[in-house]
Amino acid sequence: MENWIGVGVWIVMGGLIGLVMKALIKRPEATQGHTGILLVLGAFAAVVGGMLGVGIFAFRDPLALSAGGMAGAAFLSALFTFVYRWGVRGLI
C-alpha cells in the first residue's frame, strides 16, 4: 500500500510541476488550452521518472517515497514539460 501512495504523490507532483512550468515559461504566441496536456504530460513523466529513480538509487529496498524516486519524478517531469513548453514551437 505504501508504494501506491508514493505513485500517487508522483502523479500529483508531476501535475503541479506542469502548472509551474506553464506559469514560469510565458509564450506570447501560444494558444489557450494547454493546461490539461501539461498536467497529463507532467504526471506521466513523473511516474516514469520515479520508477527510474527508484530502480537506479534504491534497488535493494524499492520504495516509491524514497529520495531517488522523488528526485527522478521531479527531474523527468520538469524536463518533459519544459521541452513541451519551450522546445516544441511548431506544434503550439
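Modeller: Contact here means heavy atoms within 4.5 Å. The model is predicted.

Biologist: How many helices and strands does the chain have?

Modeller: Three helices and zero strands. Along the sequence the pattern reads α-α-α.

Biologist: What share of the residues is buried?

Modeller: Buried residues make up 39% of the 92 in the protein chain.

Biologist: Let's turn to helix pairs. How do α1 and α3 cross?

Modeller: Helix α1 covers residues 2-24 and helix α3 residues 67-87. Their axes come within 9 Å and cross at roughly 35°.

Biologist: Is that crossing left-handed or right-handed?

Modeller: The crossing of α1 and α3 is right-handed.

Biologist: Which residues meet there?

Modeller: From α1, V9, W10, M13, G14, I17, G18, M21 and K22. From α3, they meet G69, M70, A73, A74, S77, A78, T81, F82 and R85.

Biologist: What classes are in that contact?

Modeller: Ten nonpolar, five polar and two charged residues.

Biologist: Which residues of α1 are buried?

Modeller: G6, V7, W10, M13, G14, G15, I17, G18 and M21. What covers them includes α2 and α3.

Biologist: What length does α1 reach?

Modeller: Helix α1 has 23 residues and reaches 33 Å from its first C-alpha to its last. That is close to the 33 Å expected at 1.5 Å a residue.

Biologist: Now α2. How far apart are its end C-alpha atoms?

Modeller: They are 32 Å apart. Helix α2, residues 35-57, has 23 residues, so it should span 33 Å at 1.5 Å a residue, and the two values agree.

Biologist: Which residues of α2 are buried?

Modeller: L38, G42, A43, A45, A46, V47, G49, G50, G53 and V54. Their cover includes α1 and α3.

Biologist: Why does T81 count as buried?

Modeller: Because T81 has 0% relative accessibility, and buried means under 20%.

Biologist: What does T81 touch?

Modeller: Not counting residues up to four places away in sequence, T81 touches I17, G18, M21, L38, L41 and G42. Among them, I17, G18 and M21 are buried residues of α1. L38 and G42 are buried residues of α2.

Note on methods
Residues are numbered from 1 along each chain as its sequence is written. This is a predicted model: local features need pLDDT of at least 70, side-chain atom pairs count only at pLDDT 80 or more; totals for chains, interfaces and linings use all residues. Side-chain values use heavy atoms; hydrogens and water are left out. Helices (H or I, at least four residues) and strands (E, at least two) are DSSP runs, numbered from the N terminus. Buried means under 20% relative accessible area, exposed over 50%, partly exposed in between (1.4 Å probe, protein chains only). Axes are lines fitted to C-alpha atoms, for helices over the stretch in contact, and angles run from 0 to 180 degrees between N-to-C directions. A crossing is left-handed if the near helix is turned anticlockwise from the far one by less than a right angle, and right-handed if clockwise. Ala, Val, Leu, Ile, Met, Phe, Trp, Tyr, Cys and Pro count as nonpolar, Asp, Glu, Lys and Arg as charged, and the others, Gly among them, as polar. The expected span of a helix is 1.5 Å times one less than its number of residues.
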